[in-house]
Amino acid sequence: SAIFNFQSLLTVILLLICTCAYVRSLAPSLLDKNKSGLLGIFWKCARIGERKSPYVAVCCVVMAFSILFMQ
């Protein structure tokens, strides 16, 4: 049901990016061996989370604010 609601889709994407970046910080070998293919999506999300971390953090704060106070 998150596909049909844009705010839920953004929340899922942000959680995926943050989770992949956290997993890669704990165990880099899990994500580094799958840089292509379907599992490469998780490696790409981890790279986005690492390289664009200030923007991802701001998006997480804005999303949390909108979920807590706008709904």
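How many residues does helix H1 have, and what does it reach from its first C-alpha to its last? Helix H1, residues 6–26, has 21 residues and reaches 31 Å, close to the 30 Å expected at 1.5 Å a residue, the expected span being 1.5 Å times one less than the number of residues. The model is predicted, so that local features need pLDDT of at least 70 and side-chain atom pairs count only at pLDDT 80 or more, while totals for chains, interfaces and linings use all residues. Residues are numbered from 1 along each chain as its sequence is written, and side-chain values use heavy atoms, with hydrogens and water left out.

The chain holds four helices and zero strands, where helices (H or I, at least four residues) and strands (E, at least two) are DSSP runs numbered from the N terminus. Of its 71 residues, 21% count as buried, that is, under 20% relative accessible area with a 1.4 Å probe, protein chains only.

Within H1, the buried residues are Thr-11, Leu-14, Ile-17, Cys-20, Ala-21 and Arg-24, and they pack against helix H2 (28–32), helix H3 (40–51) and helix H4 (53–70), a contact meaning heavy atoms within 4.5 Å.

H1 and H3 pack at an angle of about 90°, with their axes 7 Å apart; axes are lines fitted to C-alpha atoms, for helices over the stretch in contact, and angles run from 0 to 180 degrees between N-to-C directions. That angle makes H1 roughly perpendicular to H3, a term for angles of 65 to 115 degrees. In this contact, H1 residues including Ile-17, Cys-20 and Arg-24 meet H3 residues, among them Phe-42, Trp-43 and Glu-50.

Note on methods. Buried means under 20% relative accessible area, exposed over 50%, partly exposed in between (1.4 Å probe, protein chains only). Angles under 35 degrees count as roughly parallel, over 145 as roughly antiparallel, 65 to 115 as roughly perpendicular and the rest as oblique.
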